[in-house]
Structure formats: structure tokens, C-alpha cells
Amino acid sequence: MKSRCLYTYECFCLALIVAFLQVGTYGAQVVQHTRLVACACDIENTECLTSAQMAQRAVHVEMEPDRMGNHSNYEGVAVFQIGFDEKGWVTGAEAISGHPLGISHLMAVVSKWRFRPVIVKGARKRACGKLFVKFAMKENVPSAKVAQQE
């Protein structure tokens with residue numbers, strides 16, 4: 001016969017494993033959904049662009065300032081998967097790599113980023129692709145510009 005303490009511990013461990021599996025499964029579903037929104041080249045009227053084409057189409061990228069007063073100082077390159085509509089408005093964005101603070105401040109204003117529309121055979125189309133953004137935060141003053149693929 002098992003002691004009550006050991007039985008409780010086993011139940012607790014089992015509950016943690018089940019909770020972890022449920023959270024892990026849910027997280028995977030969210031990531032897949034985000035990717036479909038950010039870049040879905042298989043959707044009708046959507047053009048897949050190369051990194052160079054995305055850089056040429058980018059009209060405006062910006063970064064939110066650090067309003068916490070932390071005197072942040074960091075820089076780097078962040079890579080995003082971006083989707084935009086026929087008018088050049090961002091429809092989805094997913095960070096692929098980069099400094100976590102930089103990504104956070106860039107994603108905060110990604111809805112303000114603008115792209116030149118893609119026109120194929122006289123018709124505007126949605127587009128998506130990877131965009132490299134060089135960013136810096138110096139004493140809470142942000143700067144962001146499109147970088148060529150490195």
C-alpha cells in the first residue's frame with residue numbers, strides 16, 4: 001500500500017505533465033496560425049517576394065521608443081516574415097530572429113509600416129516575404145531602417 005504523500009506527489013506530477021502538453025499543443029497551434037497570417041503565399045492573389053524585393057518595397061519602418069526610462073542601449077538586425085495587402089498595409093508580421101527587446105519595440109508599431117503595392121499584369125496583389133530591419137536604441141532614442149540580407 002502506497003503512502004498518501006507519495007500518491008499525492010505522483011498525481012501532482014501527472015497533472016503538471018498533462019498541463020504542459022496542453023500548453024505546448026496550444027502554443028504550436030498559435031504559431032502556425034501566425035505564420036499563415038504573416039506570409040501565406042498559397043493564398044490566391046498573393047505574391048511571394050525575395051528579401052531584396054521586400055527591401056525595395058518597404059517605404060516606412062519605425063521602432064517604438066523605450067518609455068520605461070531604462071536608458072536602453074542595444075542594436076542589431078531583426079528578421080521578420082511580413083505580409084501586406086494590395087494597398088501596402090501590413091496584414092501580418094512574425095519575428096523570426098533578433099534581439100528580444102528590439103523585436104518587442106519593432107512589433108509594437110509594425111501596423112504603421114508601409115510597403116509599395118505589388119502590381120502584376122495591371123492588378124494589385126497581396127505580397128509577403130522576409131524583411132531584415134537594422135535597429136538601434138541609444139539612450140531610449142530608437143532608429144530602424146531596412147537592411148539588405150546579410
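Predicted model: local features only at pLDDT ≥ 70, side-chain atom pairs only at ≥ 80, totals over all residues.
View 1. Residues are numbered from 1 along each chain as its sequence is written, and side-chain values use heavy atoms, with hydrogens and water left out. Glu62 sits in the loop between β2 (58-60) and β3 (73-84); strands here are DSSP runs of E with at least two residues, helices are runs of H or I with at least four, and both are numbered from the N terminus.

**View 2. The surroundings of Glu62.** The side chain of Glu62 makes a polar contact with that of His60, at 2.7 Å. A polar contact is a pair of N or O atoms within 3.5 Å; within protein, one must be able to donate a hydrogen and the other to accept it, and residues adjacent in sequence count only if both atoms are side-chain atoms. Leaving aside neighbours within four places in sequence, Glu62 is in contact (heavy atoms within 4.5 Å) with Leu106, Val109, Lys112, Trp113 and Ala144. Val133 is 71 residues from Glu62 along the chain, and their C-alpha atoms are separated by 9.4 Å.

**View 3. Strand β7 and its partners.** Look for β7 (residues 123-138), which runs parallel to β1 (residues 46-48) and is joined to it by 3 bridges; two strands pair if DSSP finds at least two bridges between them. Thr46 has Arg126 as its bridge partner in β7. β3 and β7 run antiparallel with 12 bridges, and here Tyr74 stands opposite Met137.

**View 4. Two hairpins that share β7.** β6 and β7 form a hairpin with 2 residues between them, and Lys121 in the turn has a positive phi of about 55°. The hairpin of β7 and β8 also has 2 residues between its strands, with Glu139 at a positive phi near 50°. Lys138 stands opposite Val141 in β8.

**View 5. The largest nonpolar core.** Such a core is a set of buried Ala, Val, Leu, Ile, Met, Phe, Trp, Tyr and Cys residues joined through side-chain atoms within 4.5 Å. Among its 24 residues, Ile82, Leu106, Trp113, Phe115 and Leu131 touch the most other members. Two or more residues come from each of β3, β4 (90-97), α3 (100-107) and β7.

Terms used. Buried < 20%, exposed > 50% of the residue type's maximum accessible area, 1.4 Å probe, protein only.
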